[in-house]
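Subject: Structure for your review

Dear colleague,

Please find below the structure that I am handing over to you. My notes on what was found in it follow directly after.

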Amino acid sequence: RLKDSTPLKLNHALHLEKNIRGANGPETLTCRSCHELSSDFKSILPISMEKHCLSCHPLGFDSRLPAKRVPHGNADEIYPYLYTEYT
């Protein structure tokens, strides 16, 4: 009866397929790869981009700008950020 209260929308079926692209090659994730129980075992801790997603979903966008990362969290900020980087 656990409920994931995070607003994150992702395709769980896709992430649980065998041998998906991982940070170090193909890997098979489980629910516990991303979801962690709280200390009281009554809820699931929030997903963190840095802790759970970034190794497979890097925010780099151009190999010519290796130190630059597209902002994460607000889609409305991405276009202005990229426009500024390229002007």
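How much space lies in the largest pocket? The volume comes to about 670 Å³. Please bear in mind throughout that this is a predicted model.

The pocket

The lining of the largest pocket is made up of 31 residues. Those that lie nearest its centre are His15, Cys34, His52, Cys53 and His57. Three elements each supply at least two residues of this lining, namely helix H1 (12-15), strand S1 (20-22) and helix H2 (49-53). Helix H2 gives the largest share, with five residues. Sorted by class, the lining holds 14 nonpolar residues, 11 polar residues and six charged residues.

Cysteines

How many disulfides does a search of the whole structure find? The count is zero. A disulfide is a covalent bond between the sulfur atoms of two cysteines, and the criterion applied here is a pair of cysteine sulfur atoms within 2.5 Å. For Cys31, the closest cysteine sulfur is that of Cys34, at 8.9 Å, which is too far for a bond. The sulfur of Cys56 also has Cys34 as the site of its closest cysteine sulfur, and the separation of 8.3 Å is again too far for a bond. Cys56 is buried, because its relative accessible area is 15% and the limit for that class is under 20%.

The structure contains three aromatic pairs. One of them is formed by Phe61 and Tyr86, whose ring centres lie 6.0 Å apart; their planes meet at 75°, so the pair is edge-to-face. This pair links distant parts of the chain, since Phe61 is in the loop between H2 and H3 while Tyr86 is in helix H3, 25 residues apart. Phe61, with a relative accessible area of 25%, is partly exposed, and Tyr86, at 45%, is likewise counted as partly exposed. Together with Tyr81, Phe61 and Tyr86 form one aromatic cluster.

Tyr86 also takes part in a polar contact, in which its side chain is joined to that of Asp62 at 2.6 Å. Asp62 is found in the loop between H2 and helix H3 (78-86). Is Asp62 buried or exposed? With a relative accessible area of 14%, Asp62 is buried. The side chain of Asp62 makes a further polar contact, at 2.6 Å, with the side chain of Arg64.

The loop between S2 and H2

Ser38 is located in the loop that runs between strand S2 (25-27) and H2. Its relative accessible area is 11%, so Ser38 is classed as buried. The side chains of Ser38 and Asp40 are joined by a polar contact of 2.4 Å. Phe41 has its place in the loop between S2 and H2 as well. Phe41 is exposed, with a relative accessible area of 61%, and its phi is near 60°, a positive value in a residue other than glycine.

A second residue with such a backbone angle is Asn19, which is not a glycine and yet has a positive phi of about 55°. Asn19 sits in the loop between H1 and S1. At a relative accessible area of 55%, Asn19 is exposed.

Separations along the chain and in space

Leu10, in the segment before H1, is 30 residues from Asp40 along the chain, and the C-alpha atoms of Leu10 and Asp40 are separated by 26 Å. Leu10 counts as partly exposed, at 36% relative accessibility.

Leu14 lies in helix H1 and is also partly exposed, with a relative accessibility of 44%. In sequence, Leu14 and Lys68 are 54 residues apart, and from C-alpha to C-alpha they are 28 Å apart in space.

Phe61, already described above as a member of the aromatic cluster, is 29 residues from Arg32 in sequence. The C-alpha atoms of Phe61 and Arg32 are 29 Å apart in space.

Yours sincerely

Terms used:
Residues are numbered from 1 along each chain as its sequence is written. This is a predicted model: local features need pLDDT of at least 70, side-chain atom pairs count only at pLDDT 80 or more; totals for chains, interfaces and linings use all residues. Side-chain values use heavy atoms; hydrogens and water are left out. On a 1 Å grid over the protein atoms alone, a cavity is a set of points where a 1.4 Å probe fits but cannot get out, and a pocket is an open set with protein on both sides within 12 Å along at least five of seven lines; lining residues have an atom within 4 Å of a point. Grid points are joined across faces, edges and corners, and a volume is the space filled by probe spheres set on the points. Helices (H or I, at least four residues) and strands (E, at least two) are DSSP runs, numbered from the N terminus. Ala, Val, Leu, Ile, Met, Phe, Trp, Tyr, Cys and Pro count as nonpolar, Asp, Glu, Lys and Arg as charged, and the others, Gly among them, as polar. Buried means under 20% relative accessible area, exposed over 50%, partly exposed in between (1.4 Å probe, protein chains only). A polar contact is a pair of N or O atoms within 3.5 Å; within protein, one must be able to donate a hydrogen and the other to accept it, and residues adjacent in sequence count only if both atoms are side-chain atoms. Rings of Phe, Tyr and Trp (its six-membered ring) pair if their centres lie within 6.5 Å; planes under 30 degrees apart count as stacked, over 60 as edge-to-face and the rest as tilted.
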